[in-house]
Structures are given as structure tokens and as C-alpha cells.
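Below are my comments on the model, as numbered points. Please read them with the coordinates open.

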Amino acid sequence: MSKQQLVNQELFDVKNSKIHGNGIYASIDIKKGTKIIEYVGNKVTKEEADIVSDRQLELAKGNKGIGEVYLFELNDTHDIDGNVGWNPARFINHSCEPNCEVEIENDKIWIVALKDIKKGKELSYDYGYDAEDFKDHKCKCGSENCFGYIVGEDYREDAKKKLAEVKK
Ligand SMILES: [Zn+2]
């Protein structure tokens with residue numbers, strides 16, 4: 001476990017977010033394709049990740065907003081637990097119309113600009129949550145086409161069907 005902080009702090013600030021809690025904001029204009037922040041944390045095995053995940057979900061019960069899960073799938077054998085003080089990328093919020101995306105390259109997780117981002121804009125990416133328990137995660141991203149819940153783009157059709165079934 002190395003605590004190297006390979007982040008380019010020239011590019012962003014941590015500030016209170018309109019979406020949720022803290023957020024990450026562009027401190028200068030950022031060009032499309034720029035690697036903005038590496039999502040860092042403790043490298044854990046899938047087994048360890050399950051334990052971390054259970055513990056964090058337990059904490060989250062009855063205390064909304066605390067104990068959120070910051071696990072990131074790195075490869076077939078390992079995840080990154082990003083719930084550490086030296087990982088500002090954990091503050092990046094989900095958006096239904098994100099301006100960043102995640103790229104995994106040589107076992108490193110990067111948050112990369114999907115488009116040109118103006119100074120002062122909040123950074124966001126699609127968390128890619130599936131349609132399983134999506135109703136537990138309301139989305140407040142404020143984008144024009146906000147889905148209302150935090151669901152990955154690939155799963156929104158499924159989630160829509162589930163919502164329609166409930167209404168019947
Ligand atoms: Zn949204």
C-alpha cells in the first residue's frame with residue numbers, strides 16, 4: 001500500500017457541492033481528454049472489498065450520507081478502497097450528464113475530462129450503478145435530463161421498466 005498522491009492539484013479545488021456534500025471543481029479551464037485526478041486508495045482483494053463494503057453499508061444504515069462505499073473495481077482480482085483522506089477524487093459526484101469519465105490504464109484509475117470544462121464547473125462522472133437498489137440513491141445532479149436516481153447510463157432502461165411496473 002503506497003500513499004503516493006499522483007494528483008494534479010493545479011487543476012481542481014474541493015468545495016461544498018450543490019449536488020451532495022463536497023465536490024471537486026475545475027480551478028482552471030480543462031481541455032477534453034485531460035487526466036484530471038487519479039482515484040487513489042488502498043488496493044484490496046475482492047474478499048477484503050466485501051468486508052469493507054459490508055462494514056460501510058452497516059454504518060450507512062440510519063445515518064444517511066455517512067459510510068458510503070468508495071470501492072472501485074480495478075481488475076479481476078483487486079479493488080481500490082478510496083475512502084482515505086489522501087483521495088480527493090472520492091468527492092466527485094455522480095451526474096446523469098457528466099463532464100468526466102473513468103479510464104483504467106495500467107492498474108491506475110483516472111478521472112478524465114469528457115469535454116472541455118470551464119473554470120469553476122463541478123466535475124462529475126457516471127457512477128455506473130446498476131438497476132438493483134437504485135431507489136436508495138436519489139440523484140440531485142440538476143442536469144436537464146436527470147434520471148432522478150443514480151443509475152449508470154447502461155442500466156437506466158432497466159430502471160425505467162422497474163419504475164413503470166411499480167406504477168401499474
Ligand atoms: Zn441526475
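1. Buried here means under 20% relative accessible area, exposed over 50%, and partly exposed in between, with a 1.4 Å probe and protein chains only. Strands (E, at least two residues) and helices (H or I, at least four) are DSSP runs numbered from the N terminus. In general, side chains of a regular strand alternate between the two faces of the sheet.

2. On provenance, this is a predicted model, in which local features need pLDDT of at least 70 and side-chain atom pairs count only at pLDDT 80 or more, while totals for chains, interfaces and linings use all residues. Residues are numbered from 1 along each chain as its sequence is written, and side-chain values use heavy atoms, with hydrogens and water left out.

3. For the overall fold, the protein has 2 helices and 10 strands. From the N terminus on, the elements run β-β-β-β-α-β-β-β-β-β-β-α. The protein has 168 residues, of which 40% count as buried. Among contacts (heavy atoms within 4.5 Å) with a separation of 6 or more, 65% are between residues 24 or more positions apart.

4. Which strands make up the sheet that contains E4? It is an open sheet of 3 strands in the order E4-E6-E5, with antiparallel pairing. Strand E4 (42-45) and strand E5 (71-73) are the edge strands, each pairing on one side only. From one strand to the next the twist averages 35°; axes are lines fitted to C-alpha atoms (for helices over the stretch in contact), and angles run from 0 to 180 degrees between N-to-C directions. Two strands pair if DSSP finds at least two bridges between them. E4 and E6 run antiparallel and are joined by 4 bridges. Lys43 has Ile80 as its bridge partner in E6, and Asn42 stands opposite Asp81 in E6.

5. Asp79 deserves a look. Asp79 lies in strand E6 (residues 78-81) and counts as buried because its relative accessibility is 10%. Its side chain and that of Lys46 are joined by a polar contact of 2.6 Å. A polar contact is a pair of N or O atoms within 3.5 Å; within protein, one must be able to donate a hydrogen and the other to accept it, and residues adjacent in sequence count only if both atoms are side-chain atoms. Leaving aside neighbours within four places in sequence, the residues in contact with Asp79 include Asn42, Lys43 and Val44, and also Leu71, Phe72 and Glu73.

6. Another open sheet of 3 strands has the order E3-E9-E8, again with antiparallel pairing. Its edge strands are strand E3 (35-38) and E8, each of which pairs on one side only. Here the twist averages 35° from one strand to the next. E3 and E9 run antiparallel, with 3 bridges between them. Glu38 stands opposite Trp110 in E9.

7. Asn106 has phi near 50°, a positive value in a residue other than glycine. Asp107 is not a glycine either, and has a positive phi of about 60°. Asn106 is exposed because its relative accessible area is 71%, and Asp107 is partly exposed because its value is 39%.

8. What are the protein donors of the zinc ion? They are Cys96 (SG), Cys139 (SG), Cys141 (SG) and Cys146 (SG), lying 2.3 to 2.4 Å from the ion. Donors are N, O and S atoms within 2.8 Å of the metal (3.2 Å for Na, K and Ca); water is not among the atoms, so sites may look incomplete. Along the chain the donors follow the spacing C-x42-C-x1-C-x4-C.

9. Why is the zinc arrangement tetrahedral? The 4 donor atoms subtend angles of 106 to 113° around the zinc ion, and this makes the arrangement tetrahedral. Four donors count as tetrahedral if all angles lie between 85 and 135 degrees. The ideal angle for four tetrahedral donors is 109.5 degrees. As for accessibility, Cys139 counts as buried because its value is 10%, whereas Cys146 counts as partly exposed because its value is 28%.

Methods. Four donors count as tetrahedral if all angles lie between 85 and 135 degrees; four count as square planar and six as octahedral if opposite donors are over 155 degrees apart and all others between 65 and 115; anything else is irregular.
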